[in-house]
Amino acid sequence: MDYSEAPLPIIFNEVTKHVDLPDEELTPSRAKEVQELNSLYRDLVALNADVPPPPNQINGRLNDQVRKLKDAGNNSYKRGQHSDAVRMYSLAIEMALKRPPWEASGFVKEELSVLYSNRAQAYMSMSAWGDALVDGDTAIYLKRNFPKAHYRKGKCLQHMGRLQEAKAAYELGLESGGADGSDAELKSALAEVNELLYL
Amino acid sequence: MGKISLYAPIAYLVLLLSSLALFSTIYRRRKVRRLVGLQPWFGEHDSRDIYLSLRAQTSPKVPEKMLKAALLRRATEDVRRIMSLQESKPALAELHQRGAVGDEIWTRFLAAEKVMDAEIMECAGEANLIKPAWAQTLFPSAAEIVQNSRIRERLAQVPELQKEEREKWEKVREKVLSELENENDTAATETEAKKANKKRNKH
């Protein structure tokens, strides 16, 4: 390799347990890299193994904690305590993001998409259409073939009077190829918005 | 006569071979000089520099896991670069074939591929030195780090996007409400006017 320059004066600080680079050597990209490195080091120290396991090995303890918070959110929602439900789903999202970054991103996406979609539903029950719209959209970003999330996104848009966008959301939901029993809802919503648009 | 006929082909061969050798050395030297002058495809490889610097350090001693983290960061950047090369290769190759992209850019691209091949080999070698057979899972782990950091970047935008959507909807709602009120007002004044008219007609 073409690495022939003098090594960087990077130092491991025994007290703070992270590495530092003197200011005069610090470019913006190096600063970001040092920060990422220190964060990865903390994850590795917390790991009970010498190197990261293969990506498909998922931390089971975190799984349980995320599931518990999600269940608490679902229960609050069923009791009609919608803002509590939002809080629980937010905590579950935070917990899910604590996963070490080397774990399978496919699993993380699946887990998070359900949480965002559920939070969207809770926001909708509070008529917080803007917040719900972004959550629905995020759920779709995480999992494209997720008809229920498309349906919720469409409903938010429809409530805010953005009928063309709502129509597009329902149509995408029907085309998305997922199967979670939302097709009937999507079809009737599409018929409804078509009527509103063309009457 | 016999002497000339014996040495002539040998002299010819010597002349031919030496001129070919001269041509080839000059040609190669020029090529190397051209390649050296080429701008690298990617910028600084910060995580590789950091890893090598940490590895070279003897006092204070850098913890084993910090070295591993640094190597994982290096592999992460390698994966990102390999992905970027793979993504741009088909389009770039076609543009180069059509003449829309010059030879220099194409040479730089091919050089970057070679550099990355060597970099991957070196990184894998380092991993196996730290722990036998780690290279087999190092790059899969690094690939997930790339994906996961993309996801986190997108999710970090959610609160800001929600604020925007809330404000947008609030504005629309206020507008619609004030329009409705105006309509109600005019409707109310209209009905009052009608009542007044009726009264007048009665009288």
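Predicted model: local features only at pLDDT ≥ 70, side-chain atom pairs only at ≥ 80, totals over all residues.
# A chat about chains A and B

Me: Is H6(A) mostly covered or mostly open?
Reply: Mostly covered, with 12 of its 13 residues buried. Buried means 20 or more other C-beta atoms within 10 Å of the residue's own; exposed means 12 or fewer; partly exposed lies in between, and the C-beta atoms are placed from the backbone. Among the buried ones are His150(A), Tyr151(A), Cys156(A) and Leu157(A).

Me: What do they pack against?
Reply: Four helices of chain A: H4 (105-125), H5 (129-142), H7 (163-175) and H8 (183-198). Contact means that two C-beta atoms, placed from the backbone, lie within 7 Å.

Me: And H7(A), which residues are buried there?
Reply: Ala166(A), Lys167(A), Ala169(A), Tyr170(A) and Gly173(A). They sit on the same side of H7(A), because they cover an arc of only 160 degrees around the axis. The arc is taken from the directions from the helix axis to the C-beta atoms.

Me: Why would residues three or four places apart point the same way?
Reply: An α-helix has 3.6 residues a turn, so they do.

Me: What is on the face of H7(A) turned away from the buried side?
Reply: The exposed residues Gln164(A) and Glu175(A) are there. The buried residues of H7(A) pack against H6 and H8 of chain A. After H7(A) comes Gly177(A), with a positive phi near 85 degrees.

Me: New topic. How many residues has the largest nonpolar core?
Reply: It has 39. Tyr89(A), Ala92(A), Leu115(A) and Ala132(A) have the most contacts inside it. A nonpolar core is a set of buried Ala, Val, Leu, Ile, Met, Phe, Trp, Tyr and Cys residues joined through C-beta atoms within 7 Å.

Me: Which helix gives the most to this core?
Reply: H4(A), with 9 residues. Domain 1 (58-143) and domain 2 (144-199) of chain A each supply at least three residues to this core. Those bounds come from an automatic or database domain assignment. Apart from this core lies another, of 27 residues, among them Val19(A), Leu71(B), Val79(B) and Ala142(B).

Me: How far apart are the C-alpha centres of the two domains of chain A?
Reply: They lie 21 Å apart. The contact takes 13 residues from domain 1 and 13 residues from domain 2. H5(A) gives the most to the domain 1 side, with 7 residues.

Me: Now chain B. What is its secondary structure?
Reply: Chain B has 6 helices and 0 strands. Of its 203 residues, 18% count as buried.

Me: How many residues of chain B are in contact with chain A?
Reply: 45 residues of chain B, in contact with 39 residues of chain A. H5(B) gives the most to the chain B side, with 12 residues. That side divides into 21 nonpolar, 8 polar and 16 charged residues. Nonpolar means Ala, Val, Leu, Ile, Met, Phe, Trp, Tyr, Cys and Pro; charged means Asp, Glu, Lys and Arg; the others, Gly among them, are polar.

Me: Last one. Why does Tyr51(B) count as buried?
Reply: Because Tyr51(B) has 27 C-beta neighbours inside 10 Å. Tyr51(B) is in helix H2 of chain B. Leaving out residues up to four places away in sequence, Tyr51(B) touches Ala70(B), Leu71(B) and Arg74(B).

Technical notes: Residues numbered from 1 in each chain as written. Chains lettered and ligands numbered in written order. Helix = DSSP H or I, 4+ residues; strand = E, 2+ residues; numbered from the N terminus.
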